[in-house]
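Grab a pencil and look at the model below.

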Amino acid sequence: QLQLVESGGDLVQPGGSLRLSCAASGFSLDYYAIGWFRQAAGREREGISCISNSDGNIYYADSVKGRFTISGDNAKNTVYLQMNSLKPEDTGVYYCATGAPVCTMAAGRPTGRGMDYWGKGTLVTVSS
């Protein structure tokens, strides 16, 4: 059964760091794009970062450039999102998704186009 499971969400103070994990089972991430998305309370889901394993491209939304880093471990079939210098506006539920062969961008953000498989999310709260 194809499954994505996010983990690593927590309560952290502004300026702190977290590393989120997205573990895949039932299929290999080697040939797909994997995106990270977040949804804050009362707001629409937005794309944060995306990595295309097929062509090696990596994308970030402007709001997280220089602070977040996406990476993958093919041996563990897992993708990570290292988040540094966290701000209160980074608070939200973070989801990973896959299914598209490459990342697609619109308005400077990764889109969910073709991302047919989603995890259930992990909550990140940035607050003092």
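**Exercise 1.** Find what lies over the face of Y80, and how far from the ring centre.

*Solution.* Start with the rule: a charge sits over a ring if NZ of Lys or CZ of Arg is within 6 Å of the ring centre and within 35 degrees of the ring normal. Here R19 lies over the face of Y80, 4.1 Å from the ring centre.

Before you go on: this is a predicted model, where local features need pLDDT of at least 70, side-chain atom pairs count only at pLDDT 80 or more, and totals for chains, interfaces and linings use all residues. Residues are numbered from 1 along each chain as its sequence is written, and side-chain values use heavy atoms, with hydrogens and water left out.

**Exercise 2.** Classify the pair formed by F37 and W118.

*Solution.* Step one, the cut-offs: rings of Phe, Tyr and Trp (its six-membered ring) pair if their centres lie within 6.5 Å; planes under 30 degrees apart count as stacked, over 60 as edge-to-face and the rest as tilted. Step two, the values: F37 and W118 are 4.8 Å apart centre to centre with 50° between the planes, a tilted pair. Step three, the neighbour: the charged end of R45 sits over the F37 ring, 5.8 Å from its centre.

**Exercise 3.** Is F37 buried or exposed?

*Solution.* Buried means under 20% relative accessible area, exposed over 50%, partly exposed in between (1.4 Å probe, protein chains only). With 3%, F37 is buried, while W118 at 27% is partly exposed.
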